[in-house]
Amino acid sequence: TYVETFPLIGDCNDDGVFDLDGDLPCFVDALLGIESFPGAIERSDINFDGFTDALDIPDMIFCLVYAACN
């Protein structure tokens, strides 16, 4: 059986967990244009506008505080 999984939105460092310690530094790096691995910027595009920018910050904070992403 083939099961297709989708990346966890907000899991910027792609470790399978959405957490402050791992994902926030990755998100900041993405905002600064420092992409440490392929796909980091796309995973941190929390508001799905095609870019990682300051507009993603409120959604990232909401995700971290309430553990619920859009």
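Biologist: Hi! Is Arg43 buried or exposed?
Modeller: Arg43 is buried, at a relative accessible area of 15%; buried means under 20%, exposed over 50% and partly exposed in between, with a 1.4 Å probe and protein chains only. This is a predicted model, where local features need pLDDT of at least 70, side-chain atom pairs count only at pLDDT 80 or more, and totals for chains, interfaces and linings use all residues. Residues are numbered from 1 along each chain as its sequence is written, and side-chain values use heavy atoms, leaving out hydrogens and water.

Biologist: Thanks! Which helix is Arg43 in?
Modeller: Arg43 sits in H2, residues 40-43. Helices are DSSP runs (H or I, at least four residues), as are strands (E, at least two), numbered from the N terminus.

Biologist: New topic: how many disulfides are there?
Modeller: The whole structure has one, with the sulfur atoms of Cys12 and Cys26 2.1 Å apart. A disulfide here is a pair of cysteine sulfur atoms within 2.5 Å.

Biologist: Nice. What does Phe27 touch?
Modeller: Leaving out residues up to four places away in sequence, Phe27 touches Cys12, Ser44, Ile46, Thr52, Asp56, Ile57 and Met60. Contact means heavy atoms within 4.5 Å.
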